[in-house]
Each structure stands twice: as C-alpha cells, then as structure tokens.
Amino acid sequence: MQASIMATDPTIAILSGKGGTGKTLLSVNLSSVAAMATYIDCDVEEPNGNLFFKPSREFEKLVTVKKPVVDETLCDGCHKCVDFCAFNALALIGKRLMIFDEICHSCGGCIYVCPQKALSESERPIGEMSIGHSGSVRCISGTMNIGESSGVPIIEALLKHKDGNLTIIDAPPGSSCLVTESIRLADFCILVAEPTIFGSHNLAMVHQLVTLLGKKHAVVLNKTLEGVNPSEEYCKKNNIPILGNIPFDKRLGKMNSEGRIAAREDAHYHKLFSAILEKALKEVSDETAADPQR
Amino acid sequence: MKQLLILSGKGGTGKTTIASAFIKLAQAKAYADCDVDAPNLHLVMHPFPQEKASDYHGLDKAVINAEACTNCGICLDACRFHAIEKHETSHTVDPIACEGCTLCAYLCPQQAITMEKAKAGELKLFSNGDEHFSTATLLMGSGTTGMLVTKVKEQLKQVSDATEFAIIDGSPGIGCPVIASLTGVDLALIVAEPSVSGISDMKRIIETSAKLGVTIAVCVNKSDTNDELSSRIETFCWKEGIFFAGRIPFDPMAVRAVNEGKSVIEYSCDSGTAVRQVYDKTLQMLKETIRR
C-alpha cells in the first residue's frame, strides 16, 4: 500500500469539554501561523471559525441525510416498520403512516422490513458546508439547520474534504458523539483548559475520552491568571504535557471578540502560537517515530 | 412547577456561574444541570446529605456472537453508522459507533447478533429535606444525550412537582440536548457574550427557542470586555422585542468564587451586584410570562 507510506502532514484536533475555553481562538491562530494549513470547523451547531477567517467561498453544498418516504398506495398499515424503528420515528395514525424526519437516524431499517415495498428513501437537507481560502489557510466549515438534532452527518461530510496538508480540527464542546466523530481522524489532540475548577473538571472528562480512544494528547492552558490553576495541577498529577500557556490579556480578548486573528496582527502572539504549534508537531513526530505501524 | 432555563448557544459565557447565583438568590428548592456531557453545577453546590444514583441506559447496542458469526458481511454492508468491523474469523461491533438501530440483528442469517443493554450514563439526585438537585453524567462518547436530558428533568419533576419554580442549567449548542432541555420550559435566559462569535451563536439559540415556542430573555456577561458589541446586543434585543435583563461586567472575582466553590453573589463585587439586578428582572419577566 504505497499511499499509506506516503507522508501526509498530521491532523491535530482542538477540544475542551467545557465551552468557551478558547478552542476556536487556538485553532484559528495555529492554522494562521502554519506555512500552509487546512482548518475544519466541526462545531456545526455554533460555527465561528469563518467569522475570523472571512474566507472566499469557492465551494458550497447542502448536506443531506436519507429519510424514508411512504407510497401510500402500497402501504397497508401492517405496522412492521413502526415496531422495528428503535428511535420511534414512525407512527401509524389510523391506517396512515407518519414519519418524523427530525427523529429519524437514517438507519434504513424500515425500508428492509416493509413487506409491501411501500417505503423508499429520499434526501433531506440538514445543513450546508463550504470551502474557501483565507491567506494560506484552506477553510472548511459546516452549519447545521436550526431545529435539527444531530450534526454528526455534517461533520462526516466536512472530514471527507480533508487533504494532505496540516489539518487543524476545531471540535465542538462536550464529550458526546459529536466530539468522538470530530476527532476520529486526528493524529493528536490538544485539550484547551481554563484556570477554574469547571475547566479542570471538564478537562478530566475529555482527557478520559482521548485516552479511551487511544489518541495522543497534550494541553494548552488559556486565560491563565496569577494564583492557583486547577487545570495545571490536573496536568501535573496526570503527567500530561503542557504545550503552552496563554495568559489572560484584555487586548487579546478584545481582538478575539472582534473576530480578528491575533497571530496575523501582532508579533507577540505570532511568536506565542508558533511556539505552541512547533511543540505540538514535535510531539506528533515523536509519536510517529515510536509507532512505525502508522 | 415553572421552569427557568439558562442557555447560551456559545459555551463558556457564564451559564453555570449565573445559574448557581440564581439558585442561591432564590433559595431554590428545585434545580437541575442539563449539561450532561460537561456538567459543572455540582461543583459549586453545597454537599447534600442524601444522594441517589441510578444507571442510565440508552438504546441497546448490538453484540456479535463470534462462534455463530460466519463472516458473511451482510451486517457490515447494511450498517449506516460504520459500527461493524471485519476481523479474520468474525465481525465485531464498535459500541461507541453503534446507535442501536437493530438492523444488523434483524438481517443476520445466523441470528448471531443480539441487542444488549448498555450503560450510557449515570443519573444523580441530591436531596436535603425538600431541596432537590437533579444532574447526570454521560459516559464518554455516548449518543442519546437528549434522552438523558429528558430523564434529568423528569427526575426533578417527580420529586419537586409541587415546588413553585425550578432553575435549570443548560448546555451549549443548539442540537438534541438543548432541544430536550427547552421542552416544557416557561422562560429561557440566554447569557450572551460581547464578541462576534457570541452574537452569532446567540442569534442561533434565539431562533431555536423561537422554533420551539419558548419565551426568552437576554443578558450580557463580561459586558465591559467589548462595550460596543454589548450595546449592539442590547439594541438587537430592543429591535426584536426581546426582553433585555441587563449587563454583567467581567470580574476576576468570578474566577476566584468558582475556585472556592462559591457563587459571585457571596462576595461584595461588581459582578455580584449586577447578577442580583439581572436576577430581579428575570424573575419579574418569568412572573409576567406565567400570567400570560
């Protein structure tokens, strides 16, 4: 398998458990200091990366999922599909089959079980995705439609457009299925943590997740202040490498709140984020050297 | 039981900090943490004498009996969740990817696949006399987050239905856990942040709430980190006819309070005073909503 031996640049996922710790700040700035990078915004419920990059729009498409459609002339109301559906997305009202699209997981089971062949599948849009450029960064972003329940199919669609460049994945908050899907292709995970007990508690949760999934990882401490940092203590106790420290800075907060990319405007921050990226890449290559299977 | 839900769209805007302050100001007897995949409210609530824990099971997950499996691959082809893996002599199921649709079990010609109970999280109910706090933790990487949120709320309702009102801490985003937490709520207070990200996320959660017919109020946290954008949020609310509950300035004391397991209102500080004002306005709004 020639292709798997060919060197591709690593994929680094940025995640945090707790929201608002600086995932997008770090993702956007790390992408910006790289010579060339692909940025993928997997927080499809609340995507923010493009507010910073303001990229060109070179490619756009709707993301759809399969949904069952009933041919009422064939359905005899036998109930088999309703009984089968584990998600309760189908119901019979009298003899009429009702399909609740937002609850459907698109497993395709009802199509198989229908003895009358009355069910078929059509595509239903649940969001959209776009690809564009901002300087040396290729930006891939997706947006889930309001009222939809799961963004997983959109994240899947985004990840299909990953290329061989260094890829930075901006993950959604939490530790649920959305995060698992977002970091599926990651070679390395950076956990961003705040200096509070909320921050360290959620850091522990995502640390558990990346450990469970066997992902190599390290931490970046954000918004650090004088005094105790429960997240830093957690890292020391659990031997997690710390790639860097972004001290709380009103000026950085202001730039970030206005959708400006600090690393592109400010020499100090260019240096700070470059150092974090360099350390992360070193950790990744150490991993590759240690594991020749990859 | 009337329900006040604290939401934000964007994460880290201060939902839990505000929820915990409201709980103390109201001397609330019923409250819940619906952020099941990153719960934090229990870290700032005092220890409770009684604690009841119960396992939460999501949908059953497929398990393949290796002895019976003939490696025919029908399950692998049919599974839309990429949960089936092929090995030399049999197939296996990745329990994290499996969503429990049961299609593989239905199709397997050898009946080698069974659906088995899988723990997806843990529900907790803390009690102190007539005071109850319902919360839960989702197991790493699990789905069915919305179902667990619904259970957290049901559990609270069972013990506190006679209580006048409940305060519920929500989760970030607009997807299934948020939709589940919004169901049946009387008022949602959205904690916004004065940043371009914060505004974009706030608008999406406002639309989501509107789609579900839930009345909302908005407050701005860390307002002085960008006064101009705070004013833009306030103006947006006036224009859209959304109740604006006030501004809370950034305060390093809030970080200290959290780390001491306390609430900002227990200190005399700027943010504490501002949170009290937001609380008074929100409660007034809740009363008006109920009257209507």
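In this predicted model, 9 aromatic pairs are present over all chains. One of them joins B:Phe22 and B:Tyr279 in an edge-to-face arrangement, with 5.1 Å from centre to centre and 75° between the planes. This pair connects distant parts of the chain, since B:Phe22 belongs to helix H1 (residues 15-26) of chain B and B:Tyr279 to helix H9 (residues 270-291) of chain B, 257 residues apart. B:Phe22 is buried, at 0% relative accessibility, and B:Tyr279 is likewise buried, with a relative accessible area of 9%.

Because B:Phe48 is located in the loop between strand S2 (30-33) and strand S3 (50-57) of chain B, while B:Phe133 is part of strand S9 (residues 131-138) of chain B, the pair ties together parts that are 85 residues apart in sequence. B:Phe48 has a relative accessible area of 16% and is buried, as is B:Phe133 at 0%. Both residues belong to a cluster in which ring pairs link B:Tyr31, B:Phe48, B:Phe126 and B:Phe133.

At the level of domains, chain B is divided into domain 1 (2-57 + 121-291) and domain 2 (61-116), and the centres of these two domains, taken over C-alpha atoms, are separated by 41 Å.

In chain A, A:Ile93 lies in strand S4 (residues 90-93) and is exposed, with a relative accessible area of 53%. Together with A:Met98, A:Phe100 and A:Ile103, A:Ile93 forms a nonpolar surface patch with about 340 Å² of accessible area. A:Asn229, by contrast, is buried, with a relative accessible area of 5%, and is found in the loop between strand S10 (216-224) and helix H9 (230-237) of chain A.

Note on methods:
Residues numbered from 1 in each chain as written. Chains lettered and ligands numbered in written order. Predicted model: local features only at pLDDT ≥ 70, side-chain atom pairs only at ≥ 80, totals over all residues. Heavy atoms only, no water. Patch = residues over 30% accessible without salt bridge, like charges linked within 9 Å, V, L, I, M, F, W, Y side chains within 5 Å. Areas by Shrake-Rupley, 256 points an atom, 1.4 Å probe, with all protein chains shown as cover. Salt bridge = Lys/Arg side-chain N within 4 Å of Asp/Glu carboxyl O. Helix = DSSP H or I, 4+ residues; strand = E, 2+ residues; numbered from the N terminus. Buried < 20%, exposed > 50% of the residue type's maximum accessible area, 1.4 Å probe, protein only. Domains from an automatic or database assignment. Phe/Tyr/Trp six-rings, centres within 6.5 Å; stacked < 30°, edge-to-face > 60°.
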